[in-house]
Amino acid sequence: MKLIKYFIMALVILTTGACKKEEIKQYSGKQMIDFGSAVVGSLVDSTQNFTFYYSQTSATQDTAWFDIYALGGPVAKDRKISLRQVATTGSGVINALPGVDYKEFSDPDLSKWYVMKAGAVKTRIPIVMLRTEKLETTNLTLMFDVVANGDFEVGVSGYLWRKLIFTEQLSKPFNWPSFLGTYSVEKHKFIIANSDLRWDSADIALILAAYSNAYYYNALFVQALNEYNNTHEEPLRDENKDLITFPIY
């Protein structure tokens, strides 16, 4: 009985402490904004990747969406959200140009979207990417953060930024499965052409949920590759001139 009593007391203390932390965050008296300091796991989507490869050829732009949160509780009026680009560096990094590669945050068409509506503490903001020829050979990086304005102070350090990397090219999904073998862009194009899927990270996650899918798709692509090689003078090669192959399951 004593052990149960001590356990209940410890649970009450922990719960009370958690509530106090939440109260400090929500009712500090300041109206702040960031990309999710109050949300567990909110840094998971800190970087988004996008490719126009799957888009219609007529598409000239597309949109990526990011969740953003108000701290300090809801208020009874609309509040403006202000953003700015942050130049970033690194091997091979090319920063997107405002008004050329993406719609500027000050664009009048976007003003209605950069608003936290009255009574709300969460919304989604759009980043509009513009499709240019440079994307056929380049990955562009757009890093941005929130800026203090008349409605908000900035929130918690470490949660003030997001990053978008966009291109026209295919790139290796982070969960590329072993049953497809070594990754190459040409192999990626080949499996897309020989199935009804995009084979992006979201598709692959669904496929990996059932182990039997590995056998099905592996056999499908082995057969498609054999048919290609039997009907062409040269076997299928990738962008590095290496033979495209699939492991046999």
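# Exercises on a predicted model

Serine 55 has a relative accessible area of 18% and is buried. The model is predicted. Work through the exercises with the structure in view.

## Exercise 1: Serine 55

Explain why serine 55 counts as buried, then locate the residue in the chain and list its contacts.

Step 1. Take the cut-off: a residue is buried under 20% relative accessible area.
Step 2. Compare. Serine 55 has 18%, so this residue is buried.
Step 3. Locate the residue. Serine 55 sits in the loop between S2 and S3.
Step 4. List the contacts. Neighbours within four places in sequence are left aside; serine 55 then touches Phe50, Asp62 and Arg131.

## Exercise 2: The whole chain

State how many helices and strands the protein chain has, what share of its residues is buried, and what share of the contacts between residues at least 6 apart joins residues at least 24 apart.

Step 1. Count the elements. There are four helices and eleven strands.
Step 2. Turn to burial. Of the 249 residues, 37% are buried.
Step 3. Turn to contacts. Take those between residues at least 6 apart in sequence; 73% of them link residues at least 24 apart.

## Exercise 3: An open sheet

Give the strand order of the open sheet of four strands, and follow its pairs from one edge to the other.

Step 1. Write the order. It is S8-S3-S1-S10, and the pairing is mixed.
Step 2. Find the edges. Strand S8 (122-130) and strand S10 (153-154) each have a single partner strand, so one side of each has no neighbour in the sheet.
Step 3. Start with S8 and S3. Nine bridges pair them in the antiparallel sense. One landmark is aspartate 67, whose bridge partner in S8 is arginine 124.
Step 4. Go on to S3 (residues 61-71) and S1. Three bridges join them, and they run antiparallel. Here aspartate 34 has tyrosine 69 of S3 as its bridge partner.
Step 5. Finish with S1 (residues 32-34) and S10. Two bridges join them, and they run parallel. Methionine 32 faces glutamate 153 of S10.

## Exercise 4: The largest pocket

Describe the largest pocket by its volume, its lining residues, the elements that supply them and their classes.

Step 1. Give the volume. The largest pocket holds about 570 Å³ of space.
Step 2. Look at the lining. It has 21 residues; Asn49, Phe50, Thr51, Asp200 and Ser201 are the closest to the pocket's centre.
Step 3. Name the elements. Strand S2 (47-51), strand S11 (161-167) and helix H3 (201-208) each give two or more residues to the lining.
Step 4. Pick the main contributor. S2 supplies four residues, the largest share.
Step 5. Sort by class. The lining has nine nonpolar, nine polar and three charged residues.

## Exercise 5: The buried side of H3

Find the buried residues of H3, and decide whether they lie on the same side or on opposite sides.

Step 1. Pick them out. Asp203, Ile204 and Ile207 are buried in H3.
Step 2. Check the arc. Around the axis they cover only 95°, which puts them on the same side of H3.
Step 3. Recall the general rule. An α-helix has 3.6 residues a turn, so residues three or four places apart point the same way.
Step 4. Look for the cover. Helix H4 (212-230) is included in what covers the buried residues of H3.

## Exercise 6: Phenylalanine 221 and tryptophan 199

Step 1. List its contacts. With neighbours within four places left aside, phenylalanine 221 touches Leu180, Phe190, Ile191, Asn194, Ser195, Trp199 and Phe246.
Step 2. Take asparagine 194. It is 27 residues from phenylalanine 221 along the chain, and their C-alpha atoms are 7.3 Å apart.
Step 3. Tryptophan 199 is not a glycine, but its phi is positive, about 60°.

Methods: Residues numbered from 1 in each chain as written. Predicted model: local features only at pLDDT ≥ 70, side-chain atom pairs only at ≥ 80, totals over all residues. Heavy atoms only, no water. 1 Å grid on protein atoms, 1.4 Å probe; cavity = no way out; pocket = protein on both sides within 12 Å on 5 of 7 lines; lining within 4 Å. Points joined across faces, edges and corners; volume = space filled by probe spheres on them. Nonpolar A, V, L, I, M, F, W, Y, C, P; charged D, E, K, R; others polar. Pairing = 2+ DSSP bridges. Buried < 20%, exposed > 50% of the residue type's maximum accessible area, 1.4 Å probe, protein only. Arc of directions from axis to C-beta. Contact = heavy atoms within 4.5 Å.
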